[in-house]
Structures are given as C-alpha cells and as structure tokens.
Amino acid sequence: MRKNKIYIMFLILFVASKIYATDLGVGISAWYADWKMESKTLGTFNLEPALFVGPTISYQFEEKWSITLIALATVNKYDQDISANDSVKYRRYDVDCTLNYQISRYIKCFAGIKYLAFDFNSDNYNGINHGVGPGAGIGFSSPIVSSIYLLGIVSGIYGYGLETTDNPPAGSPDNRNFYSFGINSSLQLAYYIQAIETTISAGYRYQYIQLHYLDYGTDEDSKYDNHFRGFTASVAKSF
C-alpha cells in the first residue's frame with residue numbers, strides 16, 4: 001500500500017508536468033548501501049548491503065526553479081542477527097521531494113520534505129517505523145570535460161515519527177514516538193548523451209541518521225546512530 005501511494009504521487013506529478021512542463025526529466029535511481037546500527041543498550045550491528053531502487057522525476061517550471069521527487073525502496077531486505085535463534089529483517093523507504101533554486105550556473109540550493117521509514121519482522125514480532133520532516137541543502141555541478149560533470153550535494157534533515165510494534169519483546173512498548181536528525185551527502189560523475197537527451201550518473205552516497213525515542217530511558221539509552229553508505233547510480237531522460 002505504501003509503495004502504491006508513492007507511485008500515485010509520481011503519476012500525478014508526471015501527468016501535470018507533461019501538460020505544463022518546460023523541462024521534464026524522468027528516470028530511475030539505485031543505491032547499494034550497507035547499514036551500521038549503533039546503540040548503547042544493544043551494541044553495534046553491521047548489516048550487509050541492500051539495493052534501493054526507485055523512480056525519479058524533475059520538473060523545471062521557471063528558469064531558476066525546479067521541483068524534484070525521488071522515491072527509493074529496498075529490493076532485498078536487511079538482515080540483522082539478534083541471537084543464534086532470532087533475526088530481524090528490514091525493508092527501508094527513502095523519499096525526497098525538494099524545491100530547487102539555481103543560484104548560479106554551478107550552484108543550487110534546495111529545501112523540501114523527507115520521508116524515511118522501515119518495516120521490520122522476526123519470528124516473534126513485526127512493525128513499522130516511519131517519520132517525516134524538513135530538509136535543506138546545497139549542491140554544485142562542475143564541468144570536467146565535454147558532457148562530463150562532477151556533481152555534489154550535502155543537506156541536513158530533521159524528522160519526527162512513530163514506531164508501532166505488534167507483539168513487542170518483553171519490556172518494549174507497542175508505540176514509541178521519536179525525533180531524528182542527520183545529514184545526507186553524495187558525490188557523482190554525470191555524463192550527458194545529447195543525441196538521446198539522457199544523463200547517466202554514478203558515484204557514492206553517505207547518509208547519517210541519529211534517532212531518539214521519546215520517554216524511553218535516558219537520552220543515551222534512547223539514542224540510535226544509523227550510518228548508510230554505498231555506491232549510487234541513476235539514468236534520467238529529458239523531455
């Protein structure tokens with residue numbers, strides 16, 4: 001159901017863009033990222049990489065203004081071994097909707113909404129953690145040689161959300177509110193193929209999210225550090 005809602009958002013924006021667009025880009029993006037989880041109470045877990053894949057759409061409606069929507073979800077699940085007899089599997093969702101302003105030919109700033117979520121399940125319990133909040137950042141593009149560019153972005157994000165668990169482990173609540181903050185950054189090489197008006201890019205992306213559960217022990221006990229890092233690639237067609 002969550003994936004369907006995201007795709008409906010894309011369809012609405014795509015149809016509206018085709019009617020009014022001066023510059024429309026549609027593509028697909030992928031991110032192969034590992035996940036390092038750190039907690040004072042649970043310790044450190046290094047999860048094997050999972051593949052995020054999803055559609056992208058950008059719409060330039062003025063000379064310096066554009067809007068971008070990117071929705072990623074893991075194809076395979078992250079697998080966390082809790083003990084010899086128990087493991088938890090996670091499917092993550094990462095959605096960005098941003099309004100962009102081109103400051104100069106090579107520099108832009110942006111602000112928007114970020115939605116982060118993961119559902120989890122084990123043999124004994126399952127649930128979902130999802131939050132939403134604002135984000136803002138800056139990006140640059142620098143030409144290297146003909147049709148090849150270096151692209152970089154860095155942004156800060158903040159969110160507030162709810163985690164709901166069915167049949168939670170002993171001592172854990174059914175519902176937990178939380179807030180989170182972090183950074184997102186990437187560095188990529190992009191190649192523009194003028195004959196087919198298509199851009200291919202590849203590079204590396206890092207995301208850090210610090211999550212704090214409210215009304216749950218001390219501040220240190222409630223803090224969870226999450227690091228995601230890995231290679232990213234995308235293909236986008238301009239219309």
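Predicted model: local features only at pLDDT ≥ 70, side-chain atom pairs only at ≥ 80, totals over all residues.
User: Which residues touch the most other members of the largest nonpolar core?

Analyst: In soluble globular proteins, nonpolar side chains tend to be buried together. A nonpolar core is a set of buried Ala, Val, Leu, Ile, Met, Phe, Trp, Tyr and Cys residues joined through side-chain atoms within 4.5 Å; buried means under 20% relative accessible area, exposed over 50%, and partly exposed in between (1.4 Å probe, protein chains only). Here the largest core has 16 residues, and Trp 35, Leu 47, Tyr 78 and Tyr 90 touch the most other members. Strands S1 (23-39), S2 (43-60), S5 (86-102) and S6 each give two or more residues to this core; strands are DSSP runs of E, at least two residues, numbered from the N terminus. A second, separate core of five residues includes Leu 24, Ile 57, Leu 69 and Val 95.

User: How many aromatic pairs does the whole structure hold?

Analyst: Rings of Phe, Tyr and Trp (its six-membered ring) pair if their centres lie within 6.5 Å; planes under 30 degrees apart count as stacked, over 60 as edge-to-face and the rest as tilted. The search finds 16 pairs. One of them, Phe 120 with Tyr 125, is edge-to-face, at 6.4 Å centre to centre and 65 degrees between the planes. Phe 120 counts as buried because its relative accessibility is 6%, and Tyr 125 is buried at 15%. Ring pairs link both into a cluster whose members include Trp 31, Phe 52 and Phe 228.

User: Which residues line the second largest cavity?

Analyst: On a 1 Å grid over the protein atoms alone, a cavity is a set of points where a 1.4 Å probe fits but cannot get out, and a pocket is an open set with protein on both sides within 12 Å along at least five of seven lines; lining residues have an atom within 4 Å of a point. The second largest cavity is lined by Trp 31, Phe 52, Arg 92, Tyr 93, Asp 94, Leu 116, Gln 207 and Phe 228. Strand S5 gives the most to this lining, with three residues.

User: Which residues lie nearest the centre of the second largest pocket?

Analyst: Tyr 90, Glu 163, Arg 176, Tyr 213 and Tyr 224 lie nearest its centre, among 46 lining residues. Strand S6 (residues 107-121) gives the most to the lining, with six residues.

Technical notes
Residues numbered from 1 in each chain as written. Heavy atoms only, no water. Helix = DSSP H or I, 4+ residues; strand = E, 2+ residues; numbered from the N terminus.
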